[in-house]
Amino acid sequence: MKYLKQKVDSGADVIFTQMFFDNEKFFNFREYAKNIGINIPITAGIMIIRSSKQLERMLSMGRITL
């Protein structure tokens, strides 16, 4: 979050998150960002899932939880 705050302080005007499935983690992230002074829009990252194989690959590559 330290680096994200630096980006915002340097002029970023919107944040797009990584793909996620757990809304609570997203809401907690937004709240934490607000508490450290990040006051720009934070948009949930989305991705079209075309197959179960693609979903399995995405889950294995990132820290995505269901």
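Analyst: The questions below concern a predicted model, beginning with a helix and moving on to aromatic rings and a surface patch.

User: Which residue caps the N-terminal end of helix 2?

Analyst: Helix 2 covers residues 23-35. At its N-terminal end, a side-chain oxygen lies 3.1 Å from the backbone nitrogen of Glu 24.

User: What distance does helix 2 reach from its first C-alpha to its last?

Analyst: Helix 2 has 13 residues. At 1.5 Å a residue, 18 Å is expected, and the model comes close to this. The distance reached is 18 Å.

User: Are the rings of Phe 20 and Phe 26 stacked or edge-to-face?

Analyst: The structure holds 2 aromatic pairs. In the pair of Phe 20 and Phe 26, the ring centres are 5.0 Å apart and the planes meet at 10°. Planes under 30 degrees apart count as stacked, so this pair is stacked.

User: Is Phe 26 buried or exposed?

Analyst: The cut-off for a buried residue is under 20% relative accessible area. Phe 26 has 10% relative accessibility, so Phe 26 counts as buried.

User: Which residues form a nonpolar patch on the surface together with Ile 36?

Analyst: Ile 36 is in the loop between helix 2 and strand 2, and is partly exposed, with a relative accessible area of 30%. The patch has about 250 Å² of accessible area together.

Methods: Residues are numbered from 1 along each chain as its sequence is written. This is a predicted model: local features need pLDDT of at least 70, side-chain atom pairs count only at pLDDT 80 or more; totals for chains, interfaces and linings use all residues. Side-chain values use heavy atoms; hydrogens and water are left out. Patches are made of residues with over 30% relative accessible area and no salt bridge: like charges are joined within 9 Å, nonpolar side chains (Val, Leu, Ile, Met, Phe, Trp, Tyr) within 5 Å. Accessible areas come from the Shrake-Rupley method with a 1.4 Å probe; for residues, only the protein chains shown count as cover. A salt bridge is a side-chain nitrogen of Lys or Arg within 4 Å of a carboxyl oxygen of Asp or Glu. Helices (H or I, at least four residues) and strands (E, at least two) are DSSP runs, numbered from the N terminus. Buried means under 20% relative accessible area, exposed over 50%, partly exposed in between (1.4 Å probe, protein chains only). The expected span of a helix is 1.5 Å times one less than its number of residues. A polar contact is a pair of N or O atoms within 3.5 Å; within protein, one must be able to donate a hydrogen and the other to accept it, and residues adjacent in sequence count only if both atoms are side-chain atoms. Rings of Phe, Tyr and Trp (its six-membered ring) pair if their centres lie within 6.5 Å; planes under 30 degrees apart count as stacked, over 60 as edge-to-face and the rest as tilted.
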